[in-house]
Amino acid sequence: MNNGQVAVPMRDTNKQHKSRLVLLMIKYILLIGGTIVFMLPLVWTLSGSLKPNGEIFTVPIQWIPETFMWQNYINMLSSFPMVSYAWNSMIIVAFNIIFVLASSFFVAYGFARFKSPLNGPLFLIVLATMMIPEQVTLVPQFLLFSELGG
């Protein structure tokens with residue numbers, strides 16, 4: 001090291017590696033725990049859909065039914081026009097996506113290309129309308145569509 005090179009002390013990479021590994025394990029444990037907590041309602045719904053009526057609210061909770069009632073799905077499909085409901089929902093969602101994308105494109109293009117002193121306040125109005133909860137607009141939207149004959 002007499003060639004003009006400076007000696008650089010070696011870092012303890014093994015210690016850093018272990019601390020990173022511990023942090024990564026904690027992160028994954030928290031993520032897996034959160035996933036389990038958020039999946040519980042779905043599992044409860046699926047479990048309840050396969051139980052007879054008498055077993056749904058038994059105490060203690062029985063996650064796996066004693067007898068699987070596949071007939072519940074057949075009864076649901078024969079009692080309600082579920083295919084029609086699903087088709088109507090898909091049509092509404094498709095039109096909603098198309099119109100939201102089209103209007104968003106035009107509004108974004110206007111804000112990006114045209115500069116004016118009103119850009120700031122207009123952008124705040126656009127953001128404010130996006131933050132209105134859907135439940136607030138549900139009744140006026142229903143009244144509008146019922147007047148249109150929908």
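## Overall shape

Of the 150 residues in the chain, buried ones make up 5%. The model shown here is predicted, so a word on its confidence comes further down. The secondary structure amounts to five helices and zero strands, and reading along the sequence gives the pattern α-α-α-α-α. With a radius of gyration of 29 Å, against the 15 Å that the globule rule gives for 150 residues, the chain is more spread out than a compact globule.

The C-alpha trace spans about 90 × 65 × 25 Å along its principal axes. Among the contacts in the chain with a separation of 6 or more, 5% are between residues 24 or more positions apart. The accessible surface comes to about 13700 Å², and carbon and sulfur atoms hold 74% of that surface.

## Helix 1 and the residue Ser47

Let's walk along helix 1, which covers residues 13–49. Its 37 residues should span 54 Å at 1.5 Å a residue, and the end C-alpha atoms are 53 Å apart, which agrees. Where does helix 1 bend? The bend, of about 40°, is at Met39, and the proline Pro41 follows within four residues.

Further along helix 1 comes Ser47. Is Ser47 buried or exposed? Ser47 has a relative accessible area of 7%, and because the cut-off for buried is under 20%, Ser47 counts as buried. Beyond its neighbours within four places in sequence, Ser47 is in contact with Gln62, Trp63, Ile64 and Pro65.

Another feature to look at is Pro60, which sits in the loop between helix 1 and helix 2 (71–79). The peptide bond leading from Val59 into Pro60 is cis, and its omega is near 0°.

## Helix 5 and what follows

Helix 5 takes in residues 134–147, 14 residues in total. From its first C-alpha to its last, helix 5 reaches 20 Å, close to the 20 Å expected at 1.5 Å a residue. Which residue has a positive phi just after helix 5? That residue is Gly149, with a phi of about 90°.

## Confidence in the model

Now for the confidence of the prediction. The mean pLDDT of the chain is 88, and 93% of the residues reach 70 or more. Helix 1 has the highest confidence, at 93, while helix 5 has the lowest, at a mean of 89.

Conventions: Residues numbered from 1 in each chain as written. Predicted model: local features only at pLDDT ≥ 70, side-chain atom pairs only at ≥ 80, totals over all residues. Heavy atoms only, no water. Helix = DSSP H or I, 4+ residues; strand = E, 2+ residues; numbered from the N terminus. Buried < 20%, exposed > 50% of the residue type's maximum accessible area, 1.4 Å probe, protein only. Contact = heavy atoms within 4.5 Å. Expected span 1.5 Å × (residues − 1). Rg over C-alpha atoms; globule rule 2.2 N^0.38 Å. Areas by Shrake-Rupley, 256 points an atom, 1.4 Å probe, with all protein chains shown as cover. pLDDT = per-residue confidence, 0-100. Bend = angle between axes of the 7 residues up to and from the residue.
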